[in-house]
Amino acid sequence: MDDAASSIAAAPLPTRKTLRARSSLPYQVMRFVAFNIRMLRMVRKGHH
Amino acid sequence: MARVVILGAGISGHTAALHLKRRLKRGHEVIVVSPNANWNWIPSNIWVGVGRMTTDQVTFPLRPVYRRKGIDFRQALAVAIRPEGDGDHESGSVDIVYTDPTRLGEEERLTYDFLINATGPKLNFAATPGLGPDGNSLSVCTAKHAEQTSAAFDSIVDALKRGERKTLVIGVGHGTCTCEGAAFEYTFNIEHELCERGVRELADVVYLTNEYDLGDFGVGGMSFAQNGFVTSSKMWTESLFRERKVRAILRAHVERVEPGVIHYEQLDGTKGTLAFDFAMLLPPFRGADLKAYDRQGEDISDQLFAPNGFLRVDADYAAKPFEEWTAEDWPSTYQSVGYSNLFGIGIAFAPPHPISRPRSTPDGTVISPAPPRTGMPSGVMGRVVAHSIADRIERGETAPLHKASMASMGAACIASAGAGMRTGTAAAMTMYPIVPNFTRFPESGRSLKETTGEIGLGAHWTKLLLHYLFLYKAKARPGWFLIPE
Ligand SMILES: Cc1cc2nc3c(=O)[nH]c(=O)nc-3n(C[C@H](O)[C@H](O)[C@H](O)COP(=O)(O)OP(=O)(O)OC[C@H]3O[C@@H](n4cnc5c(N)ncnc54)[C@H](O)[C@@H]3O)c2cc1C
C-alpha cells in the first residue's frame, strides 16, 4: 500500500450517529443557520 | 470627466464595474472589455459537469445588465496595455480586438484614466501534452467544457449499467496547478452521482493531485478546533476519502495525457501510469496573453507582468525561502508598482509566492500547488479597488487607497460533495486569514476560532443559496449591493 492509501485507511470513519446528523433535517437547518452566521462574520473581516 | 476601463467581466471585474458605476457621478465612463457575451458563475460549473444544472442556469447575457446600468460593454479581447500612452495620446491606452460577431476582428485603441486588469486565468492546457478538451482529458473550467464533460460522464454511466468496469480520474493536470478545491468538489459530485444512478460498485474513482497531503487545497492545509482537539484538514479530508471509498494519488505532476493513459511523476522522482476511461483534469493557470509597451513602443511586458503573465502589484516579490515568507509579502491595494492608475485584481494579480510549502522532485520538477484566489477574495478586491478609484476621481490623486490583503481577509469555501435538496452534502470551511500569519497566530498561522470545517446537508443548502444570491447580485437586481462579496 502506498503512502496515500495507508493514510486514508488509517483515517477516522464517521460513526452512524455522525452520518445521521449530517443528513438530519432539523439538525442541518440549525447548522445551515450557524454556518451562514459564521460566513457573514468572515465577510465582515474581509471588509477591513 | 474620467474614464475607467476594466479588462475582464468575471467575478472580480464585474464586481468592480458595478461598484464603480454605483459610486461615480453621471458623466464618468465605465467601460468593460471582455471576450464573452455571457457572465458565468464558475463554481456551479461543477453541477453542470454532472448534469445537475444546464449552462443556462449558470450563465446570463451581460449586455442587458450593462445597458441598464449605463456601463459601456465591449465584447473584445485586450491584447496590449500602453500605460504611458503612445505618440498620439498622453493618457494610457489598451489595444483591443473585437470578438463581438458584429465587429469580429476589428481593432481599437481605448484610452483610459484608470485601468483594472481583471482578466483572470488563461487555462494553460498547453503546459501538459494531451491535456484538455482538445486533447485527451476533460475540464469543467467553463460552462461549455462542463457540458461536454457531463455528456462524457453519461456515456460512462451507460457503460457501467451494461456491467463494464470503469476508472474515473479527477484532479489536476500539472504539478503547479491551483484550484484543488474544485477538483475535490468534482470528485465527490461524481462519486455521489454514481451512487444516485446505482452504478457505484463497478466504478473506481481516483483523485490525482499535486498536493503533498489531502486537505492542503493550496493553502497549506488548515487546523480546526473540534470536540476539544485541534484537528487538521488532512485528517478530515482523508476521513471523507475513506468513507466514500475514493482512492488518491498525491504529490503528482502529470507529464502527459495519452488516450486512456495518464503519465505522471511523483515528488520522490518515481514515474507512474494510470489507465482511465474518464479523466477530468484541471489545467494550470497563467496570466492572459497581454503585452505592455512604453510610450516609444518598446516592449515592457517584463516590467509590468511576472514571468507567469500575472500583473505585478504592491507585493514583495523578492525571492526568499519558505521560512521567511510573511503576511506582509501579500499585496493590499493591488496597484501596479510603476503606474498609479493601473490595478490588478482577482486571479490576474501576481501573488508574491505560493501559500503551500514549495517542493520539487530530485530532478527539479516543481510539484506544489499555486496559491488559490477564490471567488470571495476576488470579489472583495473588485469592490475595494472600485472604491479606491472612485475616491481618486472624486477627491484627487492623494485620496488614500482602500486595502484588502489576503493575509487579513477571511474566506468561506463550500466544497460541494453531491447535489440534491435531501441527499446533497458539502464540506463547508471558513478560514481566517487566507494567507497564514504566524506572528498573529503562532500555533497554526490562522485563528482557531474562525477556521472551521464541517460536512453535511446544510452546507449543500448554503452552496445552493450562494448560487442564487450571486447570480442575483451579478444581474444587478434591486439591492444587489447589499449582498456581500
Ligand atoms: C471549476 C471551478 C470551480 C470553482 N469553484 C469555486 C468555488 O466553489 N468557490 C470559490 O470561491 N471559487 C471557486 N472557483 C474559483 C473562482 O472561479 C475564481 O476565484 C474566480 O472566477 C476568479 O475571478 P476573476 O475575476 O479573477 O477571474 P474570472 O472569473 O475567470 O474572470 C476573468 C474574465 O476575464 C476575461 N478575459 C480573459 N482574457 C481577457 C483579455 N485578454 N481581455 C479581456 N478580458 C479577458 C474572461 O473572459 C473572464 O470574463 C472555481 C474555479 C473553477 C475553475
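Asn227(B) takes a positive phi near 50° in the hairpin of β12(B) and β13(B), where 2 residues lie between the strands. The model is predicted. Strand β12 covers residues 223-226 of chain B and strand β13 covers residues 229-232 of chain B. They run antiparallel, joined by 4 bridges. Within this pairing, Ala225(B) has Val230(B) in β13(B) as its bridge partner.

**Sheet β15-β16-β17**

Further along chain B, 3 strands form an open sheet in the order β15-β16-β17. The pairing is antiparallel. β15 and β17 of chain B each have a single partner strand and stand at the edges, so one side of each is left without a neighbour in the sheet. On average, neighbouring strands here are turned by 25° against each other, direction ignored.

Take the pairings in turn. Strand β15 (residues 252-258) of chain B meets strand β16 (residues 261-266) of chain B over 6 bridges.

His263(B) has Thr273(B) in β17(B) as its bridge partner. Ile262(B) is bridged to Leu274(B), also in β17(B). This hairpin has 4 residues between the strands, and Gly269(B) takes a positive phi near 95°.

The hairpins of chain B set out together:

| Hairpin | Residues between strands | Residue with positive phi | Phi |
|---|---|---|---|
| β12(B) and β13(B) | 2 residues | Asn227(B) | near 50° |
| β16(B) and β17(B) | 4 residues | Gly269(B) | near 95° |

**Sheet β22-β23-β24**

Another open sheet of chain B has 3 strands in the order β22-β23-β24, with antiparallel pairing. Which strands are its edges? They are β22 (411-416) and β24 (452-456) of chain B, each pairing on one side only. Neighbouring strands of this sheet are turned by 15° against each other on average, direction ignored. β22(B) is joined to strand β23 (residues 426-431) of chain B by 6 bridges, and the two run antiparallel. In that pairing, Ser416(B) has Ala426(B) in β23(B) as its bridge partner. Helix α10 (residues 457-474) of chain B packs on the sheet and touches β22, β23 and β24 of chain B. The helix direction makes about 110° with that of β22(B).

**Interface of chain A and chain B**

How many residues of each chain are in contact? Chain A contributes 30 residues and chain B contributes 42 residues. The area buried between the two chains is about 3100 Å², and carbon and sulfur atoms give 63% of this. On the chain A side, Ile8(A), Arg22(A) and Met42(A) lose the most area to chain B. Together they account for 21% of what that side buries.

Polar links cross the interface too. The count is 13 residue pairs in polar contact between chain A and chain B. Arg31(A) and Glu454(B) form a salt bridge, with their closest N and O atoms 2.8 Å apart.

Three helices of chain A, α1 (3-9), α2 (16-23) and α3 (25-46), each supply at least two residues of the side that touches chain B. The largest share, 15 residues, comes from α3(A). By residue class, the touching side of chain A divides into 17 nonpolar, 7 polar and 6 charged residues.

**Salt bridges over the whole structure**

Side chains of opposite charge can pair when their charged atoms come close. Over all chains, the search finds 40 salt bridges. The side chains of Lys122(B) and Asp289(B) form a salt bridge at 3.0 Å, N to O. Lys122(B) lies in strand β9 (residues 122-123) of chain B, while Asp289(B) lies in the loop between β19 (285-286) and β20 (291-292) of chain B, so the pair ties together parts that are 167 residues apart in sequence.

Note on methods:
Residues are numbered from 1 along each chain as its sequence is written. Chains are lettered from A and ligands numbered from 1 in the order in which they are written. This is a predicted model: local features need pLDDT of at least 70, side-chain atom pairs count only at pLDDT 80 or more; totals for chains, interfaces and linings use all residues. Side-chain values use heavy atoms; hydrogens and water are left out. Two strands pair if DSSP finds at least two bridges between them. Axes are lines fitted to C-alpha atoms, for helices over the stretch in contact, and angles run from 0 to 180 degrees between N-to-C directions. Contact means heavy atoms within 4.5 Å. Buried area is the accessible area (1.4 Å probe) that two parts lose on being put together, summed over both. A salt bridge is a side-chain nitrogen of Lys or Arg within 4 Å of a carboxyl oxygen of Asp or Glu. A polar contact is a pair of N or O atoms within 3.5 Å; within protein, one must be able to donate a hydrogen and the other to accept it, and residues adjacent in sequence count only if both atoms are side-chain atoms. Ala, Val, Leu, Ile, Met, Phe, Trp, Tyr, Cys and Pro count as nonpolar, Asp, Glu, Lys and Arg as charged, and the others, Gly among them, as polar.
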